[in-house]
Amino acid sequence: MPRGQRLATAAVLAVMAAGLVTGCGQTSGQATCQGTTCTATLSGAGALITIDRIKTVVRLDSVGDDGATVSINAKPVPLRVGQTTTIAQTQVTLKSVSDGTVIVVVLQPAD
């Protein structure tokens with residue numbers, strides 16, 4: 001293989017590897033926002049979503065029958081369905097839990 005072709009192949013492989021590393025676990029949920037309130041849907045422990053609009057990372061740590069532990073910007077908080085709490089200046093409400101999927105409402109922190 002000519003030197004130029006080897007370099008091109010190496011460059012493509014490096015870009016692919018970088019994409020795998022940076023993309024790993026970055027988004028595995030969905031979020032919709034209206035104003036400063038966002039609703040995130042996460043399925044399964046370990047699911048994670050970055051909500052750029054409110055500069056918040058939401059991760060589903062564990063799921064139970066009537067509650068879940070979610071992390072807001074790497075700060076875990078256990079919640080029961082319907083419970084609202086404030087963590088790291090971010091208001092979070094666990095709206096529902098069903099078959100390992102949770103819906104969390106996150107209110108943008110004040111600047």
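How many residues lie between β5 and β6 in their hairpin, and which residue in the turn has a positive phi? I looked up the turn: two residues lie between β5 and β6, and Asn73 has a positive phi of about 50 degrees.

**Ground rules**

I note that this is a predicted model, where local features need pLDDT of at least 70, side-chain atom pairs count only at pLDDT 80 or more, and totals for chains, interfaces and linings use all residues. Residues are numbered from 1 along each chain as its sequence is written, and side-chain values use heavy atoms, with hydrogens and water left out.

**Overall layout**

I went for the element list next. The protein chain has one helix and nine strands (DSSP runs numbered from the N terminus: H or I of at least four residues for helices, E of at least two for strands). Read from the N terminus, the order is α-β-β-β-β-β-β-β-β-β.

I checked burial too. Of the 111 residues in the protein chain, 25% count as buried (buried is under 20% relative accessible area, exposed is over 50%, partly exposed is in between, with a 1.4 Å probe and protein chains only). The accessible surface of the protein chain is about 6,800 Å², and 56% of that belongs to carbon and sulfur atoms (Shrake-Rupley method, 1.4 Å probe).

I also looked at contacts (heavy atoms within 4.5 Å). Among the contacts in the protein chain with a separation of 6 or more, 24% are between residues 24 or more positions apart.

**The four-stranded sheet**

I traced an open sheet of four strands in the order β3-β4-β5-β6, with antiparallel pairing (two strands pair if DSSP finds at least two bridges between them). β3 and β6 are the edge strands, each pairing on one side only. Neighbouring strands here are turned by 25 degrees against each other on average, direction ignored (axes are lines fitted to C-alpha atoms, and angles run from 0 to 180 degrees between N-to-C directions).

Then I walked along the sheet, pair by pair.

- β3 (residues 48–51) and β4 pair over four bridges, and Thr50 stands opposite Val57 in β4. Their hairpin has four residues between the strands, and Lys55 in the turn has a positive phi of about 50 degrees.
- β4 and β5 are joined by five bridges, and a hairpin connects them through three residues. I found Arg59 opposite Ser71 in β5, and Ser62 opposite Thr69 in β5.
- β5 and β6 are joined by six bridges and run antiparallel. Ala68 stands opposite Leu79 in β6.

**The five-stranded sheet**

I then turned to the other open sheet. Its order is β1-β2-β9-β8-β7, again with antiparallel pairing. The edges are β1 (29–34) and β7 (84–87), each pairing on one side only. On average, neighbouring strands of this sheet are turned by 25 degrees against each other, direction ignored.

I looked up one pair in detail. Seven bridges join β8 (residues 90–98) to β9 (residues 101–107), and the two run antiparallel. Val97 stands opposite Val102 in β9.

**Salt bridges**

How many salt bridges does the structure hold? I found two (the cut-off is a side-chain nitrogen of Lys or Arg within 4 Å of a carboxyl oxygen of Asp or Glu).

- Asp61 pairs with Arg59, the closest N and O atoms being 3.0 Å apart. Asp61 is partly exposed at 25% relative accessibility, and Arg59 is partly exposed at 35%.
- Asp66 pairs with Arg80, with the closest N and O atoms 2.9 Å apart. This pair links distant parts of the chain, 14 residues apart: Asp66 is in the loop between β4 (56–63) and β5 (67–72), and Arg80 is in β6 (residues 75–80). Asp66 is partly exposed, at 43% relative accessibility.

**Disulfide**

I ran the cysteine check last (a pair of cysteine sulfur atoms within 2.5 Å), and the count is one disulfide. Cys33 is joined to Cys38, S to S 1.9 Å. The torsion about the S-S bond is about 105 degrees, so I logged the disulfide as right-handed.
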